[in-house]
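This briefing sets out the overall fold and then a handful of individual residues. The points below are grouped by topic.

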Amino acid sequence: MQRRQLLQFAIGSGALLATPYSLADSAQYSPANLAFITDIIRHTIAIADITRGTQTGILDLPILPKLIASSKDAPYLAFTDRIISGVYLYDLATQRLHHFDLPTPAYRLFFLPKTSLLIVALESQIALLDYKSGNLDILPDHFQAKFAHFSTVINSISGHISVLQQRSNGIKTIHIPQREPQWQTLPVGGEHGFAHGMTNPANTILAFTDYHRDTAYLYDTEREILLDQFPSDDDTLFIDPYISDSGHAAFATLGGILRVYLDPHSPEQIISTQLDFIPRYLRSGWLDKYLVIAGDGCLQIRDFTTLDVIAEQYFSTDQPIMNIWISGSSKYVLFTRSGQNALFVYDLQRLTLRHIIDLPALEQPYRIVMNSSNNICF
């Protein structure tokens, strides 16, 4: 692997960039309670306490955080604007902001648990940034960068990275914990390449679509066989598929066709239904009991094994859900909506909207992260 020694420094010699409201300086790290919300326009992150239902602080940033990632076992956020050749690391415990130079802009950021590694998708390669030592290891091989950027599927438990590309009929995969990791190719076939995927915790199943989102796939990575392949039944595009920790694989089209594989190895265990709204996100919640579907004008909760509707919350269709996050307790659904300067918190235990948290520091709230998540591979 190619290695670089990078310069690490604290902006303003460690000056505080956080402006707490009612929150003590030392309380910015609370994985179960605090959410961090970016803005589409402002160089600001709002901090919200989802149990108390209040905005508790803000972070004023040097750039617009178009990409943001959160560590699930350490007090860190990472962000970049996809323009600069670098990435910022914010330490929630010390409130110090660090900058690391990169050879190109970053397209994806992902913290690898139980390590000090930040996985960075560069313009045509993947790098491992050790934010403790400042070392950057660039993995061998180059991937598609022009016209259509490659996408990644990362398993935080096994340490596998899979790369999906438009101009490829196979999937590249690598196991990071190996001493000298090498890329392997999973043969899939097809004519339009692949993107938009997710893995199960054991890294034995991949769910993904072709690059154009008109065909969906289920793939067994252990046996290197295609379990199922099916086109969109309504000629609309697939949204990103989802696999729960319990192994249920869910697919949906923008036309509202929902399809769930209760066991990806058993094609007869498939259930499906027609939604009455345009879905945008699929997630699981409340100990994987519920399938959470967020879309234009609706947040819907269904039983994951029967697809029966448990609860639903309807909104104006001209204020669609923009982003979603499930808390580490799997109890809360957090989401932002277009035209709404707020964070919405839905309680999956009580099946009710618990909080609408005003975010006066933001113009248009967008992405949400916490230092905990109910899905270990998301």
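Among contacts between residues at least 6 apart in sequence, 45% join residues at least 24 apart. The model is a predicted one. Its secondary structure comes to 0 helices and 35 strands.

**Overall dimensions and surface**

- The protein has 378 residues, for which a compact globule would have a radius of gyration near 21 Å; the value for this model is 20 Å, which agrees.
- Along the principal axes, the C-alpha trace spans about 60 × 50 × 35 Å.
- Of the 378 residues, 58% count as buried.
- The accessible surface comes to about 15000 Å², and carbon and sulfur atoms account for 49% of that surface.

**Aromatic pairs**

- A search of the whole structure finds 15 aromatic pairs.
- One of these is formed by Phe-315 and Phe-335, with ring centres 5.6 Å apart and 55 degrees between the planes, and it is classed as tilted.
- Phe-315 lies in the loop between strand 30 (309-314) and strand 31 (321-326), while Phe-335 belongs to strand 32 (residues 332-337), so the pair ties together parts that are 20 residues apart in sequence.
- Both Phe-315 and Phe-335 are buried.
- Elsewhere, ring pairs link Phe-230, Phe-238, Phe-251 and Tyr-261 into a cluster.

**Ile-50, a buried loop residue**

- Ile-50 sits in the loop between strand 5 (44-49) and strand 6 (54-60).
- Its relative accessible area is 0%, so Ile-50 is buried.
- Ile-357 is 307 residues away from Ile-50 in sequence, yet the C-alpha to C-alpha distance is 8.1 Å.
- Leaving aside residues up to four places away in sequence, Ile-50 touches Ala-32, Asn-33, Ala-35, Ser-327, Tyr-332, Leu-334, Leu-343, Val-345, His-355, Ile-357 and Met-370.

**His-192, a partly exposed loop residue**

- His-192 is found in the loop between strand 18 (184-187) and strand 19 (194-199).
- The relative accessibility of His-192 is 38%, so this residue counts as partly exposed.
- Ser-168 is 24 residues from His-192 in sequence and 7.6 Å from it in space, C-alpha to C-alpha.
- Not counting residues up to four places away in sequence, His-192 touches Gln-166, Asp-210, Tyr-211 and His-212.

**Residues with positive phi**

- Most residues other than glycine have a negative phi.
- Arg-82 has a positive phi, near 65 degrees, and is not a glycine.
- Arg-82 lies in the loop between strand 8 (76-80) and strand 9 (86-91), and at 40% relative accessibility it counts as partly exposed.
- Asp-235, also a residue other than glycine, has a positive phi near 65 degrees.
- Asp-235 is located in the loop between strand 22 (225-231) and strand 23 (242-243).
- With 75% relative accessibility, Asp-235 counts as exposed, because the cut-off for that class is over 50%.

How values were computed: Residues numbered from 1 in each chain as written. Predicted model: local features only at pLDDT ≥ 70, side-chain atom pairs only at ≥ 80, totals over all residues. Heavy atoms only, no water. Helix = DSSP H or I, 4+ residues; strand = E, 2+ residues; numbered from the N terminus. Rg over C-alpha atoms; globule rule 2.2 N^0.38 Å. Buried < 20%, exposed > 50% of the residue type's maximum accessible area, 1.4 Å probe, protein only. Contact = heavy atoms within 4.5 Å. Areas by Shrake-Rupley, 256 points an atom, 1.4 Å probe, with all protein chains shown as cover. Phe/Tyr/Trp six-rings, centres within 6.5 Å; stacked < 30°, edge-to-face > 60°.
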